[in-house]
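Subject: A model for you to look at

Hi there,

Here is the structure I promised to pass on. Please have a look at it first, and then read my notes below.

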Amino acid sequence: MKTLIKAKNLYSFDIFDTLISRRVGIPTGIFALIQEKIQSDSALPQKLRDNFYYIRIDAERFVRDTANKSGRSIDILFEEIYYYIRKQFDLSIQTTEYLIKLEIDTEKENLVPINENIDKLKELVNRGERVVLISDMYFSSKTLHELLSNIDSVFNDIKIYVSSEQQSAKWDGSLYKTVYEAEGIKFKNWEHLGDNVKSDYKNARKFGIHSKLFNYPKLLHYEKELLSEYPQNSEYQLLVGASRLTRLNNKISKNRDKYEFGASLAGPMLFNYINNIIDEALKRGFKTLHFIARDGHIPIIIANAIIKARKLDINTKYIYSSRLVWRIPGEKSYDLFVSSIMQEFVQKMTLSFLAKRFNVNCEVLNERFFHYKNTDKVLTDSERTEVQSILVNNPEVKKYIIDCNKDALDLTLDYIKQEFDLSSDTIALVDINGTGRTNDILACNINQIKPCKLHTFFFSFYSADSVFDTEFSKKSAYLTRTKPYYYYLELLFRAPYGQTIGYKKEENGKIKPILEECYSDALYKWGFKEYLQGISDFTDNIIKVRSHINNVEFCYYYFDYITTKIEPDTAAILGDIPFMKIGKEGNKIAGPQISAFQMILSILKRTDISTLSECAHLSLERRKGFAGSMGKFLAGFLNQLPIISELKLYFRLRSLNKQNKKVMLWGASLFLDEFIKKYKICYPNITGIIDKNPKRRGTKWGGYTVFGPDDIKYNKPDYILLTIKNKNQEIFNDVKNYIRDNCPDTEIGPNVFR
C-alpha cells in the first residue's frame, strides 16, 4: 500500500449521467436503437433481429447471475455478454465482433456532454489537481476512454477506475477502497461527484469522502410509464431522451416548470403532429402550408425547424384569421352560414347573440323581421326553428344580412387574394381543433372570386369535432379516436395576442389584420415565453438525432395522461393558462381551484361541476393532500347525479323493447359505450347506432353496428334516442330537425340528459 500523502487532494467523478448522458430515455434504450439498426440485416437470425432489446438484457442478467453464484467477480466484462449471445445463437466470431462494435458505436453516436460538470473537471485539470473517473460499468477503461475522448480531448489522459477491471464497485463501497489504495490519498482530502444517491453519495460519505450529489433529471411519471410499457420502441426512447436532455440543460430560473412542461409534454406531441402535416404535404404535393392564427403561432415555429432539418422544398405562411372573420355570409354561402350558426351554442341562443354572429344591428333585425319583446331571452326549440325558417326562406332577411356583411367579405377576400396563391388548385391550411364549418364557408366564398377558378381547400387538424368533406373543403384529423376533452389541445397552443376581428386596407393597398385587444400580460406571467423556449429547445435536441418521427400512438398516450392520469402539478400548470372556450380570456384561467364550499353549493343547487370551471377536470386534479381527496369525494358525489340520465335511458329502452319498437341510438359516444357495458344492454329491438363520423361506419360499438344518418331511411326505426352527453341540447335539436326533414315516420324520444 502506498504511503498516504497529507497535502495531496483528489477529485473524482462518476461518468454516466454525471459527465455524459445518452440521447435515449433509459440506458437500455441503446439496445432499442441497435434492434432498429439490425432489422434488415438478413445475415443475423430473425429472432435476434426481432428481439435484440430483450435478448441483450437477458444475456447481461444471466452472465451477472452466473458470476455472482460462482463468487468469481463483483462485475462482469462486456465481452462476456456477447460470448453468451454468440453461444445462444451459434454466431461466428466475426458476427459477434460486429455486434460488439455496433453497440460501442451506437453508444458513441448517442452520447452527449453534461457541460457544467465537464467544465468543473477542466478547471481542476487546469489547476493541476489530481482528477480520476470512477464507474460501475462492464465496459473496460480503454472503451470508456474511447467513448469519452469522442466527447472531449480532456479525457485522454485521465485515469479511469472501472468496476469490471478492478473487481470492486461503488454500489458496495469497495471501489472507493481500491482507489484509496491506488492513489494514496486520505479520504478527508477527497471530493467526489456523482448522480446515484447510494453509490455516489451515501457510500462515499461512509468513508469520510466529501461527496456531492448531481441532480440528474428523473423521468417524469408519464415518461416512466411509457418506457415501462414500450421499452423497445426506439422512437419513444429518443423522444423521452430529448425531453430529459432539455430538462438537464435548462438554465432558466423563472417559470422552470413551464419550460419543462413545454420540453416534456407539449414539445413531443407537437413534433409528431407537425411531421404528420409535412408528410401529408409531401404525399399530396403541397408546396405551401398555411398556419391559421392563433393556434398556429407555436406550430409554425416548429414546422420551420423540421422543414429546415429535413431539407424539404416546402414553404410556410402564417394566416391571420378567426371564425369571426372567415365565417361571413355571401350569395353562395348564405344557407351554409345560417345552418352553421344555428347549430352552435344552442343554450346561449338569443336574438341578440344571433345578431352579433350575423354582424347586423339587433334592433333593426328584430324590428324588421322578428318582433320579439326581449332579444336577450334564450330561444325555445320552437322559436329557434321559427327563426331559422325566416332566415332561410325570407329573401329580405337574406338580402339585409348579406348587404351588412358585403364590405367585410370583400376585405376578407382581398386578404385571401393577397396571402394565398390562387393559381394553385389546392390550398393547404393547418389548424388545431374545430368543427370544419368555418372552412366550408371559406371555401364557398373564395370560389366566388372573379375570374373564377375553383380551388380545393385541404384542412388538417390535430383533432376535429367533425371531418365531413364538402366538394371543395377536404379535412383530415391526426387524432380520430373518440376521446374526452379534445379542446384541451387548445391549451397547448396559445398565442400572446388577441383573435383577428377584421381586416383593414392601408394607404399602400396592403390588407392588414385587426387584432382584438388581448391581456397578453396574463399569458406571459403564466410563463409563455419559457414554455415556448422549452418546446423550441426540445425540437433542437430531437432534430439532432431524428428529424422525422410521426407516431400517432405516442400522442394518444400523452393525451391520455392529460385527461385520465394527470398529476396535481401538471394539472396546475394547465389549469393556470388563460383560456375561455368562448369570448375573451381576460384574467380567466382554464381550471381554477374549486373550493369545498363551491362544490357543496353545487350539490345543493344540483348544478354541474363544469359550471365552476372551463376545464373542471383540471380544477379537481390540481388539488393535493386532504383538500384534493375531499374535492374528488365531492366531485364523485356530484358525478352520481348523471345516474338519473342513465336510468331514464335504461327504462326508456326497456319500455320500447317490451313494446317491440325498432330503436336506433344516435351517437357512438363514450357515454354510450360505458352505458352499454354498465347496464349490459343487449336488446334485440336496437337495430344499430347512428354516427356522423364516416370512419366509424360499419364498426361495432358495444356490439351494435354503426350506421350513417343516411341509413336511417333503410333501417326504418320506429324510434331514435340521443346517446351523446356532451353538447346534448345542441345536438338534440339538430337531430330533431334532421329526423323531421328526412325521416318523418320516425319518432325521436325526449332528451334524457335534460
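**What I found**

Strand β4, residues 130-135, is mostly covered, with five of its six residues buried (buried is under 20% relative accessible area, exposed over 50%, partly exposed in between, using a 1.4 Å probe and protein chains only). Please keep in mind that this is a predicted model, in which local features need a pLDDT of at least 70, side-chain atom pairs count only at pLDDT 80 or more, and totals for chains, interfaces and linings use all residues. Residues are numbered from 1 along each chain as its sequence is written, and side-chain values use heavy atoms, with hydrogens and water left out. Helices (H or I, at least four residues) and strands (E, at least two) are DSSP runs, numbered from the N terminus.

**The parallel sheet**

β4 belongs to an open sheet of five strands, ordered β5-β4-β1-β6-β7, with parallel pairing; two strands pair if DSSP finds at least two bridges between them. β5 and β7 (210-213) stand at the edges with a single partner strand each, so one side of each has no neighbour in the sheet. On average, neighbouring strands here are turned by 20° against each other, direction ignored (axes are lines fitted to C-alpha atoms, for helices over the stretch in contact, and angles run from 0 to 180 degrees between N-to-C directions).

On one side, β4 pairs with β1 (residues 10-13) over four bridges, and L133 is the bridge partner of F13. With β5 (residues 159-162), β4 again has four bridges in the parallel sense, and there V132 stands opposite K159. β1 also pairs with β6 (residues 190-194), in parallel and over four bridges, where F13 stands opposite L193.

Two helices are worth a look here. α6 packs on the sheet and touches β4 and β5, its direction making about 125° with that of β5; contact means heavy atoms within 4.5 Å. Together, β4, α6 (residues 141-149) and β5 make a right-handed β-α-β unit, meaning that, with the strands pointing away from the viewer, the path from the first strand over the helix to the second runs clockwise. α9 (residues 197-206) lies across β6 and β7, running at about 155° to β7.

**The mixed sheet**

Six strands form another open sheet, in the order β17-β18-β16-β15-β19-β20, and its pairing is mixed. Its edge strands, β17 (700-701) and β20 (747-748), each pair on one side only. Within it, β15 (residues 663-666) and β16 (residues 686-690) pair in the parallel sense over four bridges, with W666 opposite I690. Helix α33 (residues 728-742) packs on this sheet, touching β15, β19 (719-722) and β20, at about 160° to the direction of β19.

**Cysteines**

C404 counts as partly exposed because its relative accessibility is 31%, whereas C743, at 7%, counts as buried.

**Confidence**

The protein averages a pLDDT of 88, and 92% of the residues score at least 70; pLDDT is the predictor's confidence in each residue, from 0 to 100. Over residues 1-7 the pLDDT is below 50, and this stretch has 13 contacts in the model beyond near neighbours in sequence. Confidence is highest in helix α1 (residues 29-37), at 98, and lowest in helix α29 (residues 625-639), at a mean of 54. Where pLDDT is low, the predicted coordinates should not be read in detail.

Best wishes
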